[in-house]
Amino acid sequence: MAREFFNYIDGKWIPAQSGATIVSHNPATGETLGVVPASDARDVARAVDAAARAFEKWRKTPAPHRAEILRHVAEIIRARKQSLGELLTREMGKVLPEALGDVQEAVDMGMYMAGEGRRLNGLLVPSELPNKWAMAVRDPLGVVGIITPWNFPIAVPSWKIFPALVCGNTLVWKPAEDTPILAAEFVKIFEEAGLPPGVLNLVTGYGELAGAALVEHPQVKMISFTGSNEIGKLIAVQCAQLGKRVSLELGGKNAIIVLDDADIDLATDGIIWSAFGTSGQRCTATSRVIVTPDVHKSIAERVAERASKLRLGDGLLPTTDVGPLINKAAAAKVHEYSEIGKGEGATLLTGGDYATEGELARGHFYKPTVFDQVTPTMRLAQEEIFGPSLSIIRADSLAQAIQINNGVNFGLSASIFTSNVNTAFEAMRDIATGIVYINAGTIGSEVQLPFGGTRGTGNGHREGGGPPVLDAFTEWKSIYVDYSGRLQRAQIDTDSLVS
Ligand code: NAI
Ligand code: MG
C-alpha cells in the first residue's frame with residue numbers, strides 16, 4: 001500500500017469527501033511515493049469555511065506573535081533541511097544541491113517575514129490641517145487562495161504563505177498535483193510550530209477541480225498564483241468577473257546577453273547553470289543567449305560542448321548534473337520544440353531528443369539541447385519551453401541585443417555579461433524585465449528583493465520578497481485623526497492657514 005497523505009482542514013488531516021486520490025511519482029524512477037486526496041469543490045468549501053472562521057482571531061493576533069510562529073516554522077525547516085531536500089528531489093526531480101537550495105529559500109523567507117512581524121511598516125505623514133494626524137496602516141485581506149506550481153515546491157509556496165500569514169490573512173493552499181507530498185510535509189511543520197487550526201489549510205487535487213473551486217469561491221478575497229500563462233490568464237479573467245484581487249507570476253523567456261568584451265568563461269558558466277539547472281524548469285531559466293559577432297562562435301562551441309557533457313540521472317546521485325523533467329507531458333513539450341526549431345531552420349548543435357539509455361528509460365529525461373542560428377521571431381525564440389532547451393541568437397550591437405531581449409511577451413529575468421561599466425549601466429537602464437543581472441546568470445534571486453516580471457510575466461504585483469510583497473497581501477487603510485475639537489475641512493479650511 002502506498003503511503004497516504006491528507007488534506008489539512010481546520011487543524012485536522014482528512015481525506016477528500018469523494019475518497020478520490022492522486023498518486024505522486026518520482027519523475028526519475030517512476031517509483032510511487034504516496035497518494036494524496038483528489039479534492040473537489042466540497043473539500044475546498046470546507047477549507048475556505050475553516051479559514052473564514054479563523055480569520056477574526058488571527059487578524060487580531062499581534063503581528064509579532066504571528067511572526068513568532070513563522071520563525072519557529074523556519075527553524076524546523078532548517079533542522080529538517082536534508083530530509084525535506086531529499087523528499088523534494090524524489091518528488092520533483094531536481095538534483096539534491098538545488099533541492100536543498102529550494103528548502104533554504106523557505107528558511108530565508110520564513111526568517112525574513114518573521115522579522116516583518118515587528119515592522120509591517122505603514123505610513124505616517126503630516127496633515128494639511130492643524131491638530132490632525134494622518135497615517136496609513138496595512139489590513140489583511142481575509143481568506144487568501146494560494147495556487148502553486150511544482151518546480152519550486154517549497155520556495156514558491158513560502159514566498160506566498162509567509163507574507164500572507166504575517167499580514168494576518170488566513171489561507172487555503174492548493175499545491176501542484178505533481179508535488180503534493182512535499183506540500184503536506186511543509187504544512188505539518190506549521191502545525192508543529194503551533195499555528196492555530198484554520199489559519200493555513202491544505203487542499204490537494206487537480207487544478208481544474210480543486211484549483212478552479214478555490215478561484216470561484218465567493219469568500220476567497222484574493223488569489224495568488226504562480227504557473228503557466230494559459231492558466232494565469234484564465235484565473236485573471238475569472239477574478240476580474242468576481243471582483244477579486246489576483247497576483248500572477250507566470251512564465252519567462254529569459255535571455256543572457258554576451259557582449260564581445262565579456263569574460264567568456266564566466267559567461268559560459270552562467271549560461272550552463274541558468275539554462276540547464278533544474279532541467280530548465282525555472283521561470284527564470286535562460287532559454288535564449290544573445291551574442292555579439294566576435295563571441296558568437298566561441299560561446300556556441302563552449303556551450304554546446306558543456307551541455308553535451310552534462311550527466312543526466314536521478315537527482316539523489318552525486319554524479320548527476322541534470323535531473324528529469326517533471327512528467328511525460330513536459331518532456332513531450334520540450335521535444336515538440338526541438339521539432340519546431342528544426343522546422344524553422346535553426347541549427348541543432350547538441351541534444352534534440354529524449355534520453356532513454358539504461359536507467360534513464362524509467363524517467364522523463366531529455367538531453368540538454370542547444371540550437372544556434374536562431375532568429376528572434378522564431379517560435380523557439382518567443383515561446384516558453386520550460387525545459388533544457390537553449391537558443392543562440394546573434395545581435396550586431398548592444399542596442400540590438402537589448403531590443404531582442406525585450407522583444408518577447410515575457411519580462412521576468414535578464415542578464416548581461418560585459419566588462420565595461422558604462423555598458424552595464426546602459427543595460428540596467430534599458431532592459432525591461434523585473435530582474436536584471438550583471439555578470440551572473442538569470443537565476444538565483446534573494447528574498448529581500450521583489451520577484452516578478454513585466455509584460456506577460458505578471459500583472460504588476462511582486463512576490464518573493466522585499467517590502468513590496470506586503471502590498472500583494474494587504475489592503476491599505478488611511479486613517480485621519482482630528483483632535484482639534486472642531487470641524488476642519490480638508491482642501492477648504494487650509495486657505496485660511498496660509499493667508
Ligand atoms: P499550470 O499553470 O497548469 O499549473 C500551476 C498550478 O495551477 C497547479 O497547482 C495547477 O493544479 C493549477 N491549475 C491548473 N489549472 C487550473 C485552473 N483551471 N484553475 C485553478 N488552478 C489551476 O502549469 P503546469 O500544467 O504544471 O505546467 C505547464 C506549463 O506552465 C509549463 O510547461 C511551463 O511552461 C509553465 N509553468 C511555469 C511556471 C513558472 O514558474 N512560471 C511553473 C509551472 C509551469
Ligand atoms: Mg496545466
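One definition before anything else. A residue is exposed when its relative accessible area is over 50%, buried when that area is under 20%, and partly exposed in between. Keep those cut-offs in mind. Also keep in mind that this is a predicted model.

Take Leu-449. Is Leu-449 buried or exposed? Its relative accessibility is 57%, so Leu-449 counts as exposed. You will find Leu-449 in the loop between β18, residues 435-438, and α15, residues 468-472. What does Leu-449 touch, once we set aside its neighbours within four places in sequence? Three glycines: Gly-464, Gly-465 and Gly-466. Look at Gly-465 in particular. Leu-449 and Gly-465 sit 16 residues apart in sequence, and their C-alpha atoms are 5.2 Å apart in space.

Now zoom out to the protein chain. The count is 16 helices and 19 strands. The radius of gyration is 24 Å, close to the 23 Å that the globule rule gives for 499 residues, so the chain is as compact as a globular protein of that length. Along the principal axes, the C-alpha atoms fill a box of roughly 80 × 70 × 40 Å. Of the 499 residues, 57% are buried. Next, contacts. Take those between residues at least 6 apart in sequence: 74% of them join residues at least 24 apart. And the surface? The accessible surface comes to about 20,000 Å², and carbon and sulfur atoms account for 54% of that.

On to the strands. Start with β13, residues 286-291. How many of its residues are buried? The count is 6 of 6, so β13 is largely enclosed by the rest of the structure. β13 has a parallel partner in β12, residues 254-258, with 5 bridges between them. Within that pair, Ile-257 stands opposite Ile-290 of β13. β13 also pairs with β16, residues 389-394, again in the parallel sense, over 4 bridges. Here Ile-290 stands opposite Ile-393 of β16. β12, helix α9 (residues 264-276) and β13 form a β-α-β unit, and the unit is right-handed.

First, α3, residues 81-92. It has 12 residues and spans 16 Å from first C-alpha to last, close to the 16 Å expected at 1.5 Å a residue. Its buried residues are Leu-84, Gly-85, Leu-87, Leu-88, Thr-89, Glu-91 and Met-92. An α-helix has 3.6 residues a turn, so residues three or four places apart point the same way. What covers the buried residues of α3? The cover includes strands β3 and β4, along with helices α2, α4 and α6. Just past the end of α3, Gly-93 has a positive phi of about 105°.

That brings us to α6, residues 180-192, part of that cover. α6 has 13 residues and reaches 19 Å from end to end, C-alpha to C-alpha, close to the 18 Å expected. Of its 13 residues, 10 are buried, so α6 is largely enclosed by the rest of the structure. Among them are Phe-186, Phe-190 and Glu-185. After α6 comes Gly-194, with a positive phi near 95°.

That's the tour. Questions, please.

Notes: Residues numbered from 1 in each chain as written. Chains lettered and ligands numbered in written order. Predicted model: local features only at pLDDT ≥ 70, side-chain atom pairs only at ≥ 80, totals over all residues. Heavy atoms only, no water. Helix = DSSP H or I, 4+ residues; strand = E, 2+ residues; numbered from the N terminus. Expected span 1.5 Å × (residues − 1). Buried < 20%, exposed > 50% of the residue type's maximum accessible area, 1.4 Å probe, protein only. Contact = heavy atoms within 4.5 Å. Pairing = 2+ DSSP bridges. Right-handed = clockwise from strand over helix to strand, strands pointing away. Rg over C-alpha atoms; globule rule 2.2 N^0.38 Å. Areas by Shrake-Rupley, 256 points an atom, 1.4 Å probe, with all protein chains shown as cover.
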